[in-house]
Every structure is written in C-alpha cells, then in structure tokens.
Amino acid sequence: MATPTSTAFPSQAQVVVIGGGIVGCSVAYHLTKRGWRDVVLLERRQLTSGTTWHAAGLVTQLRATYNMSMLAKYSAELFPELERLTGQGTGFRTTGSILLATTEERWTEVRRQISMARICGFEVHPISGREAAAMWPLMDPSEVVGAAYLPADGVANPTDVTQALAAAARLGGARIFEHTAVTGVRQAGGRVAGVATERGDIACEFVVNCTGMWARELGLRSGVTIPLHAAEHFYVVTEPVPGLSRDLPVLRSPDDTAYFREEAGKLMVGFFEPGAKPWATHGIPDDAAFVTLPEDWDHLAPYIEMAARRVPLVRDLGIQLFFNGPESFTPDDRYILGEAPGLDGYFVATGFNSVGFQSGGGAGREVANWIVDGHPSMDLWEVDIRRFMPFQGNRRYLHDRTTETLGLLYDMHWPFRQVETARGVRRTPFHDRVAARGACFGELAGWERANWYAPPGVTPRYEYSYGRQSWFEHSAAEHRAVREAVGIFDQTSFGKILVQGRDAEGALNGLCTADVAVDRGRIVYTQWLNERGGVESDVTVTRLDEWSFLVVTSGTSIVRDLDWLRRRLPADAHVAASDVTNVYAVLSIMGPRSRELLATLTDADLSNAAFPFATSREIDLGYALVRASRITYVGELGWELYIPTDVATHVYDTIVAAGEPFGLRHAGYHALNSLRIEKAYRHWGHDMTDEDSLLEAGLGFTAAWDKPGGFIGREALLRQREAGISRRLAVLTLDDPDPLLYHNEPIWRDGELVGRISSAMFGHTIGRSVGLGYVRRPDGPVTAEWLAAGAYEIEVANERFAAGASFRAPYDPTNERVRS
C-alpha cells in the first residue's frame with residue numbers, strides 16, 4: 001500500500017524504523033499498540049521488497065527453544081487479530097503441521113520437542129508414520145519412525161500479513177514512507193540523534209534497524225557490529241496436483257532437508273540444505289529489490305531427490321517455478337534483537353535465518369516493549385545483539401560460517417553440537433599444548449576451548465547422540481580426578497573487566513548486590529540487578545587496590561556486561577571500565593591436592609590460615625608472578641591463576657611438569673559443567689537471566705541489604721521478600737541413573753506441570769543426572785516445606801522419570817571441601 005501523497009515528510013519523530021519488511025512493520029505496529037504514535041517507518045523501495053515477499057509463509061510454532069517457540073506462538077495469534085483490526089486479509093489458515101523423524105535419533109529429538117511443546121502450552125500429538133500418511137496421502141511412510149502433529153500450525157501470505165501490519169500501524173498513528181533510503185544515522189553524545197535520508201534529515205530518539213540482509217552495512221556506518229551474511233535459499237513449486245487439498249498440513253521432513261506445503265493447488269517444496277551458497281559477499285546493491293537469483297540445478301538436484309524419497313510424486317511432477325532468493329543468516333543461526341552496545345537508542349531486529357515470517361510478530365512486539373519499557377517482557381539473551389564479539393562482523397568469517405548455518409535449522413540439534421566452519425579465531429596461549437594432550441575443542445564466542453580430553457589411542461572427535469556420547473567416560477575420569485586429586489582447566493576465555501578510579505568503590509557498590517567495600521585482596525561473589533530485581537550479571541569482584549577492581553564474568557557475557565556497566569556508571573564519577581580479557585591467561589588448579597601441588601612451585605603460604613577462601617594475591621610461581629585467587633566453580637579446594645600472557649606457557653609447563661606425583665589431570669568444560677551442577681552452582685543465561693530475580697534464583701545470600709546507598713533492584717527484592725516468591729530455582733536429581741537431562745525438560749509435581757529444567761548434566765560423583773530448574777506454585781510461596789511435600793517427575797522425550805527436589809546441592813552442601 002503506497003504512502004498517501006498528502007503525507008508531509010517529517011523533520012522529527014520519536015522512533016524511526018528502517019526497513020519495511022514484516023519485522024519493521026511489526027515493530028511499528030507494536031509501538032503504536034503501546035501508545036507511541038510518533039513513529040515513522042522508512043522503506044528504501046517498497047514494503048516487502050527485501051526478503052519478506054518470497055517467504056514461504058509457514059506458521060510453525062515449535063522452535064528449537066522455549067523462548068523462540070513463544071515468540072512464534074504469538075505470531076500465530078497475531079494474524080487473526082490483524083484481520084479483525086484492519087479488515088485486511090492475511091491469508092492465515094490453520095492447517096496443522098507434521099514433523100517427521102526417519103531415524104531413531106531424530107525420533108528422540110522430536111519426542112524431546114514434544115515434551116517442550118507441553119511447556120509452551122501447544123497442543124501436540126505423537127503419531128506414527130501410518131497416521132501421518134493418513135493426513136498426508138502423498139507421503140511415503142515406509143521409513144518414518146514417528147512424527148509430531150501440531151494442529152494449531154498453518155500458513156499465511158507474507159505480503160498480505162505485512163500490509164496488514166502496516167495498515168494497523170497507520171491506524172495507530174505511524175507514518176510510512178516508501179522509496180526513501182536512509183543514508184546514515186546521526187549521533188550526539190553517544191546516542192542516536194536522527195537519520196539522514198535522500199529526502200532530508202529526521203531528528204529522533206530511537207532508530208530500529210530492520211533492514212534484513214542490508215543491516216550489517218547500515219550498522220557499520222554507525223560503528224555497530226551486526227553479524228549476518230546473505231545466502232541463496234531455494235524452493236520449487238510443482239505443476240498443479242489434481243485433488244490436492246487446500247488444508248493439507250505443512251509437512252516438515254528435516255532428515256530430507258525439506259518441507260512441503262500446498263500452494264494454490266500445487267506443491268511447494270523448500271530446502272534447508274548443508275553446504276549453502278553465500279551471496280553478495282562484497283555488498284548488496286543499494287537499489288536491489290525483489291531480488292531473484294539464477295537457478296542452480298546442480299546444487300539442488302541431490303536435495304530434490306531426497307525430498308522425492310518422502311513424496312515420490314515430486315519425481316513425476318513438472319517444476320513450474322525454481323525459486324532462488326537471498327536470505328540473511330547469522331553465525332549461530334539465531335536472530336538479532338536489542339539495543340546496540342555503545343550507542344544508546346540504536347535498536348536492531350534482523351538476521352532471521354529464514355524464520356522471520358514465523359517470528360516477526362513476536363520479535364516486533366518485544367523490540368517495541370524494549371524501547372518503551374527499557375527491557376523486553378521475556379528472556380531474550382539467546383537473540384540479544386550483545387552476545388556477539390566484535391570480530392564476528394568480519395566479512396570473511398561470515399562468508400565461511402554461512403555455508404553451514406543455513407542447513408542448521410533442519411540438521412540434528414545434538415547436545416553439545418559444535419560448529420565446524422570459521423574455527424580457530426581465538427586461541428589461548430595453551431592451545432597447542434593442550435591439543436598435544438588430546439584436547440577436543442569446542443567453540444564459544446570464537447574461543448577454542450578444551451571440552452574434553454581423549455586418552456592415548458582415542459581420536460579427539462565428537463560422535464553425537466542423545467545418549468552417552470563418545471567422550472562420556474573420558475569426561476567422567478576428569479571429573480573424578482578433580483574430586484579425588486587435582487585437575488587443570490584452561491579458563492582463559494573468562495571475560496575480565498578492570499574498573500579503576502577514586503570513585504570505583506562507590507560506583508561498583510551501587511551496582512553489586514554484595515558489599516565490595518572490602519580489604520585489598522578479597523574476592524566478592526555478587527550479582528548486578530535491574531530495577532525489577534532481575535539478574536543482569538553474575539560475577540566475581542576482586543579488590544586489587546584502593547582504586548582498582550577486577551570483575552570476572554563468563555566469556556559469552558563480556559560485551560553485554562561491559563555495556564551494562566558503562567551505561568550505569570555515574571557520569572560525574574571518577575571511574576572507568578576497560579576490557580582486559582586478553583591481558584591475562586587463566587589456569588584453574590582444582591581439587592583436594594591442589595594446595596600440595598602449588599606449594600611445591602611457590603614460596604607463598606597457601607595454608608588455610610594464611611590464604612583463606614575468597615582471597616586473591618600475587619604470588620611467585622616458577623619464575624613468574626601471577627595472581628592467585630582462591631575461588632571455585634567446581635566445589636573443591638583450588639585456585640584460579642591469572643597469568644600475564646607473556647609468561648603463560650612458562651607457568652603452564654611448570655605446573656604440568658610438577659603435577660604427576662599429585663595425580664594432576666587435564667580437564668575440560670564438560671567436566672567443569674558436571675562438577676558445578678553437583679554443587680548447584682548457577683550459570684548465567686540458563687539458570688538466571690534478567691527476568692529471574694535474585695530471590696527466585698536462590699541467591700539472596702549475596703545481598704548486603706543494609707549497606708550504605710543500597711543497590712539497584714533492592715526495593716523490588718524487598719517487596720518480593722515481603723510477599724513471598726511463587727517461583728524458585730530448585731535442584732532436581734533423577735532416581736534412575738540411565739536418562740540424561742540437558743535443557744527444557746518439563747518438571748511435574750504431583751501430576752501437575754510446574755516448571756522446566758534450565759540446565760543439567762550427569763553428576764559423576766552421585767551417579768545420576770542433576771538439573772536446575774524453576775518450579776512454580778500457583779497458590780502461594782515456594783518454600784522448602786512445599787518443595788519437600790511433592791512427588792516429582794522429569795519428562796524426557798515424552799517419558800516421565802521420578803526425581804528428588806531440594807534447594808540444597810547434592811554434593812557437599814555445607815561447603816566443607818571448598819573451605820578446607
């Protein structure tokens with residue numbers, strides 16, 4: 001729908017949305033729904049002309065994770081609402097969908113998804129191949145092991161939905177201008193000040209970059225890193241199929257890399273194939289619109305043949321349309337939302353990995369909430385722009401990773417699955433040494449990290465499954481070595497922030513739940529909260545001297561935490577925060593014999609009296625000077641050693657050479673995870689996020705309630721403490737030693753669904769799977785008495801297993817071993 005010619009081009013607006021696809025129009029509509037009428041949307045060509053116009057129109061709600069499923073669910077609810085509001089059709093039809101599994105492992109995955117669907121409130125039914133064929137008569141069920149049927153899924157018309165969103169936005173007061181290219185974003189004082197266009201500048205408070213595959217280039221003009229790359233994406237439409245039902249369910253067969261849907265009496269067959277073809281590596285033309293790319297039968301022919309195994313009629317039907325159009329893909333196959341670090345008021349909603357149509361409604365709602373309220377209404381860390389590292393905007397990196405990410409949507413979503421492309425970007429000083437010791441590396445934020453160690457004669461390579469993977473027993477041996485003797489971990493990927501200045505203590509104390517006004521050399525475990533009491537970060541703070549503090553966080557959180565910290569440091573304070581992650585390598589020496597080992601290498605007194613828990617000081621080690629911090633994430637006596645990178649390999653060699661008499665063993669991150677889960681140590685991003693309060697996460701013990709000046713979130717916590725909490729993180733331990741827990745498994749109490757597992761691992765010391773998960777009580781506060789009174793089950797792949805529940809760690813709940 002063209003912009004009325006009578007609409008004058010504005011010189012100011014509260015929000016400017018750039019991009020007129022489904023996501024941009026959704027953001028504009030939801031802003032007006034929240035009561036913001038001064039909204040302008042600018043589209044450089046025509047609405048939908050980027051990639052929305054050629055979307056397949058699938059409305060399938062069950063995604064890989066709970067939060068992404070809930071966003072897709074909202075989109076399905078939105079389409080009928082738009083029709084009622086605007087009177088415009090969206091083409092939405094409820095046809096249902098069928099998700100096929102043709103291998104036992106895929107069937108395990110689908111059954112796990114069925115379990116998660118129950119948490120989402122979806123109607124879902126496990127069905128047989130024969131039942132699937134009864135609903136989809138053109139399908140060959142002979143190889144189908146099982147399937148999931150979701151009756152509320154459907155299809156819609158992407159162009160019609162976008163036009164309905166635009167109409168709804170206009171009804172709310174938004175102004176939409178087509179054929180208006182944005183050439184830049186104006187900045188002043190570290191925040192957005194306006195946009196420059198070919199028709200003149202518009203002053204504004206907020207900008208939302210919804211430009212799809214153009215978003216990276218537009219972001220670079222403002223110094224904003226938006227890691228995405230375009231790739232060729234294919235579907236074919238057959239000749240008409242006589243008698244084909246208009247209400248045929250959407251059929252997804254990920255083992256065949258294909259989906260099928262009815263399209264005007266024909267079959268549309270789309271593909272998410274491995275070995276994708278990146279497009280326009282050196283930039284997309286600014287004037288590109290409604291882009292179609294050349295046919296490539298050589299590339300697609302093997303996948304058409306795979307699709308024909310499932311629907312044999314595809315071999316006999318003529319192809320009426322071979323469509324090849326670009327879509328944008330991100331390095332981790334998850335889209336990008338949120339406020340850009342370092343530039344206030346610059347929001348991003350892009351990089352949808354070919355699920356923008358299904359997710360655009362929910363994504364637009366949450367970006368609007370983020371702008372209006374200062375935060376989204378749900379946990380969105382997995383799609384937060386701050387999860388990316390600066391290097392991930394590198395064009396060559398994105399090109400190479402995109403060959404893999406397109407196919408990930410339909411690939412197996414194995415536990416612990418590692419990306420295979422664009423690897424080796426960030427290596428610790430110890431990389432080659434631990435590789436020689438048999439390290440099998442995983443990738444996190446670009447870091448190559450030793451996840452487990454292969455013993456002699458074993459190839460350090462993942463062999464994936466939903467059961468006990470090839471590394472299970474090797475990691476168990478690492479786990480036991482840390483519990484019984486001593487282990488060495490390379491934890492260089494820790495994020496490290498140096499906070500300095502004469503006002504550093506006061507500034508940090510206003511952010512930290514704990515009191516960091518401590519003596520030099522003390523380590524404080526603390527959280528940073530938002531005004532709602534939600535946990536923004538989980539860190540340790542070490543006082544180095546009167547004016548200096550070292551903040552240590554996880555490797556994935558460094559961009560987010562540094563951005564959050566800088567935004568909240570008082571403008572008039574004498575304090576600065578710097579990323580010093582790459583200044584120090586980190587070795588963690590953990591286990592009951594760690595003191596004995598290190599004592600042979602240093603003159604420092606490591607006794608409990610001289611070097612108590614939560615103490616940090618510089619010590620000599622070998623010929624070097626390192627910072628030794630007595631802290632733990634595994635629940636044993638031990639030290640984290642912060643080592644200047646120039647002496648890092650010397651320190652490593654010195655420790656390893658002395659370690660054999662003490663039973664020193666190299667240990668990886670899988671062992672770290674199994675060790676920490678037995679201690680119920682939380683992991684930010686899984687077990688707590690900005691939507692989980694400190695009290696709900698069971699971390700109220702860190703709060704210094706009466707310290708001078710208080711801390712952000714204190715008042716919200718006091719109200720919550722007074723009222724009682726109806727939701728609380730608990731430790732769930734399976735009775736049966738065989739099932740494995742991973743994430744998002746439903747928690748049942750006395751036959752009622754009360755929560756889901758947030759993180760889990762097999763606990764090798766206790767011999768069973770241990771999970772952390774939030775349980776909710778509908779009729780009162782979650783207390784230890786209420787928790788103990790219930791009978792619990794965890795649902796794993798559509799089967800329930802008895803479990804115990806507690807607020808206490810199953811291993812050393814009194815911390816005697818840590819403080820020994």
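Reader: Hi! Why is strand β7 largely enclosed by the rest of the structure?

Author: Strand β7 (residues 146-150) is largely enclosed because five of its five residues are buried. Buried means under 20% relative accessible area, with exposed over 50% and partly exposed in between (1.4 Å probe, protein chains only). Strands here are DSSP runs of E, at least two residues long, and helices are runs of H or I of at least four, numbered from the N terminus. This is a predicted model, where local features need pLDDT of at least 70 and side-chain atom pairs count only at pLDDT 80 or more, while totals for chains, interfaces and linings use all residues. Residues are numbered from 1 along each chain as its sequence is written, and side-chain values use heavy atoms, leaving out hydrogens and water.

Reader: Which way do the residues of β7 point?

Author: Gly146, Ala148 and Leu150 point one way, and Ala147 and Tyr149 the other way.

Reader: And which strands does β7 pair with?

Author: Strand β5 (residues 97-101) runs antiparallel to β7, joined by five bridges. There, Ile98 has Tyr149 as its bridge partner. Two strands count as paired if DSSP finds at least two bridges between them.

Reader: Changing topic: what is the order of strands in the open sheet of five?

Author: The order is β25-β26-β27-β24-β28, with antiparallel pairing. At the edges are β25 (523-529) and β28 (576-579), each pairing on one side only. Neighbouring strands are turned by 30° against each other on average, direction ignored.

Reader: Which helix lies across those strands?

Author: Helix α14 (residues 558-568) does, running at about 20° to β24. Angles run from 0 to 180 degrees between N-to-C directions, using axes fitted to C-alpha atoms, for helices over the stretch in contact; contact means heavy atoms within 4.5 Å.

Reader: How many residues are in the largest nonpolar core?

Author: There are 50, and Val17, Leu31, Leu82, Val208, Tyr335, Leu337 and Ile371 touch the most other members. A nonpolar core is a set of buried Ala, Val, Leu, Ile, Met, Phe, Trp, Tyr and Cys residues joined through side-chain atoms within 4.5 Å.

Reader: What is Leu337 in contact with?

Author: Leaving aside neighbours within four places in sequence, its contacts include Val348, Phe352, Trp370 and Ile385. Apart from this core lies another, of 33 residues, including Val486 and Leu637.
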